[in-house]
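Have the structure open while you read.

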Amino acid sequence: RARDATGAANAGATGRDGAAITDPSGRRRSKLLYNHVPKCGGRYVRRALKLLVGNESRVVRNEFQASDAHDRRDHFVVASIRDPCSYYVSLYEFGKRGRGLLYRSLAENQSDVADAYADGPGDFDRWLAAAAGTFSERLESSLPGLHVDCWIRTSRTDADLAGCARNFAKAGGTLAKDAAAVLRRVDAGGAVLDERVDVSPHRLRCA
């Protein structure tokens, strides 16, 4: 499921056009619903959407809250997606700081795996064996059926934010008064916001 979502995002979200609008109904949707999938850059996206869309047109589903086909009938649904390798690296580093549901679950139920956060030789591989499937499970829990109009990839966050904002406007939504200037900045290679929030360097890297 995670591979399907990542593939769909990469196929449908390119350049300034963002991910394609896939709802064939043509229904006008004046509200944008953002589903904050855990560990996919959601804090930055939420702040950026507030700037692009404003509060009146924006609905947020927090981490571990679901959106489905019913929501999509009346909302333009946006969600973030991340390369699975990058996701697991981020989740591991998050747990090393003693944070997150997975860290607490392992500490309480699998102490032999919890000590893999010591980051010694082979520790990440041992942790990964226990954590395998977490990304797909969380994605399916947040987005059952993957009913999404526009994907924001963490590797192209600002470009996809701009594309999704434009597609939301095409679907009947109204952008914030300063959105045009922000979109021009992104088109010129800039970012929606001045800086990312809560970003920490990862020692591990994906090939």
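What follows covers the overall fold, then the aromatic pairs, then the cavity.

This is a predicted model, so local features need pLDDT of at least 70 and side-chain atom pairs count only at pLDDT 80 or more, while totals for chains, interfaces and linings use all residues. Residues are numbered from 1 along each chain as its sequence is written, and side-chain values use heavy atoms, with hydrogens and water left out.

**The fold.** The protein has 10 helices and four strands; helices (H or I, at least four residues) and strands (E, at least two) are DSSP runs, numbered from the N terminus. Reading from the N terminus, the order is α-β-α-β-α-β-α-α-α-α-α-β-α-α. Of its 207 residues, 46% count as buried, meaning under 20% relative accessible area with a 1.4 Å probe and protein chains only. Take the contacts (heavy atoms within 4.5 Å) between residues at least 6 apart in sequence: 79% of them join residues at least 24 apart.

**The rings.** Searching the whole structure turns up 10 aromatic pairs. Rings of Phe, Tyr and Trp (its six-membered ring) pair if their centres lie within 6.5 Å; planes under 30 degrees apart are stacked, over 60 edge-to-face, and the rest tilted. Two of the pairs are set out here.

| Pair | Centre to centre | Angle between planes | Type |
|---|---|---|---|
| Y87 and Y88 | 5.4 Å | 90° | edge-to-face |
| Y92 and F124 | 5.0 Å | 80° | edge-to-face |

Y92 sits in helix 4 (residues 84-96) and F124 in helix 7 (residues 123-131), so this pair ties together parts that are 32 residues apart in sequence. Both Y92 and F124 are buried, and both Y87 and Y88 are buried too.

**The cavity.** How many cavities of 30 Å³ or more does the structure hold? There is one, and about 30 Å³ of space lies in the largest cavity. The residues lining the largest cavity include F94, Y103 and Y117. Helix 4 and helix 5 (101-109) are the elements that give two or more residues to this lining.

Conventions. Buried means under 20% relative accessible area, exposed over 50%, partly exposed in between (1.4 Å probe, protein chains only). On a 1 Å grid over the protein atoms alone, a cavity is a set of points where a 1.4 Å probe fits but cannot get out, and a pocket is an open set with protein on both sides within 12 Å along at least five of seven lines; lining residues have an atom within 4 Å of a point. Grid points are joined across faces, edges and corners, and a volume is the space filled by probe spheres set on the points.
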